[in-house]
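Biologist: I would like to learn how to read a model like this one, feature by feature, with the general idea ahead of each case. Could we begin with how exposure is judged for a single side chain?

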Amino acid sequence: MRLLPWTGADGKACYLSTDCPGSLLSRLADDIEAAQLSSAEQVLAGARAVLHDPKAGERAVRFALTRAVESLGDVLRIAVSRGGDNR
């Protein structure tokens, strides 16, 4: 079972059951995961810039933190889907 990088309409996790890692849905999930990781790199760079800017206001900090939390959630989901859940 593969944890997919999106949730269902009810907010619950979606899983893919297949023996074919090259299936259309598997490739779509791979592409979305790659986009999420790329986005997380950009968010991290932006958040660092905001944190290093002594003139950054509350709105900028809150925006950067909100995006960072979203990206961290995506990255953790990807890690779990790849067997990184050591709980």
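This is a predicted model: local features need pLDDT of at least 70, side-chain atom pairs count only at pLDDT 80 or more; totals for chains, interfaces and linings use all residues.

Biologist: Which class does Leu-25 fall into, buried, partly exposed or exposed?

Modeller: Leu-25, which is also found in helix α1, counts as partly exposed, because its relative accessibility is 34%. When its neighbours within four places in sequence are set aside, Leu-25 is in contact with Trp-6 and Leu-16. Sequence separation is a separate matter from distance in space: Leu-25 and Leu-4 are 21 residues apart in sequence and 9.2 Å apart in space, C-alpha to C-alpha.

Biologist: And what does Ser-26 touch, once residues up to four places away in sequence are not counted?

Modeller: Ser-26, again in helix α1, touches Arg-2, Leu-16, Thr-18, Cys-20 and Pro-21 on that count. Ser-26 is classed as buried because its relative accessible area is 3%, which is under the 20% cut-off.

Biologist: Where is Ser-23 found, and is it buried or exposed?

Modeller: Ser-23 is found in the loop between β2 and α1, and it is buried, with a relative accessible area of 18%. Not counting residues up to four places away in sequence, Ser-23 touches Leu-16 and Thr-18. As a contrasting case, Ala-9 lies in the loop between β1 and β2 and counts as exposed because its relative accessibility is 94%. Ala-9 and Asp-31 are 22 residues apart in sequence and 21 Å apart in space, C-alpha to C-alpha.

Biologist: Let us turn to the strands. How many bridges join β1 to β2, and do the strands run parallel or antiparallel?

Modeller: Strand β1, residues 2-7, is joined to strand β2, residues 13-16, by 3 bridges, and the two run antiparallel. To follow the pairing by eye, one can look for Arg-2 opposite Leu-16 in β2, and for Leu-3, whose bridge partner in β2 is Tyr-15. The hairpin has 5 residues between its strands, and within the hairpin Gly-11 takes a positive phi near 85°.

Biologist: How should I read the two faces of a strand, and which residues of β2 are on the covered face?

Modeller: In a regular strand the side chains alternate between the two faces of the sheet. In β2, Cys-14 and Leu-16 form the covered face, whereas Ala-13 and Tyr-15 form the uncovered one.

Biologist: What about the helices: how many residues does each have, and what span does each reach?

Modeller: Helix α1 has 29 residues and reaches 42 Å from its first C-alpha to its last, close to the expected 42 Å. Helix α2, residues 58-81, has 24 residues and reaches 34 Å by the corresponding reading, close to the expected 34 Å. After α2 comes Gly-83, whose phi is positive, near 90°.

Biologist: Which residues of the helices are buried, and what do they pack against?

Modeller: An α-helix has 3.6 residues a turn, so residues three or four places apart point the same way. In α1 the buried residues include Ala-29, Glu-33, Gln-36, Ala-40, Val-43, Ala-47 and Val-50, and the buried residues of this helix pack against β1, β2 and α2. In α2, Ala-64, Ser-71, Ile-78 and Ser-81 are buried, and the buried residues of α2 pack against β1 and α1.

Biologist: At what angle do the axes of α1 and α2 cross, and is the crossing left-handed or right-handed?

Modeller: For a pair of helices one reads the approach of the axes, the angle and the handedness in turn. The axes of α1 and α2 come within 9 Å and cross at roughly 145°, and α1 passes α2 in a left-handed crossing. By class, the contact between α1 and α2 has 11 nonpolar, 4 polar and 3 charged residues. On the α1 side the contact residues include Glu-33, Leu-37 and Val-43, and on the α2 side they include Ala-64, Arg-67 and Ile-78.

Definitions and conventions. Residues are numbered from 1 along each chain as its sequence is written. Side-chain values use heavy atoms; hydrogens and water are left out. Two strands pair if DSSP finds at least two bridges between them. Helices (H or I, at least four residues) and strands (E, at least two) are DSSP runs, numbered from the N terminus. The expected span of a helix is 1.5 Å times one less than its number of residues. Buried means under 20% relative accessible area, exposed over 50%, partly exposed in between (1.4 Å probe, protein chains only). Contact means heavy atoms within 4.5 Å. Axes are lines fitted to C-alpha atoms, for helices over the stretch in contact, and angles run from 0 to 180 degrees between N-to-C directions. A crossing is left-handed if the near helix is turned anticlockwise from the far one by less than a right angle, and right-handed if clockwise. Ala, Val, Leu, Ile, Met, Phe, Trp, Tyr, Cys and Pro count as nonpolar, Asp, Glu, Lys and Arg as charged, and the others, Gly among them, as polar.
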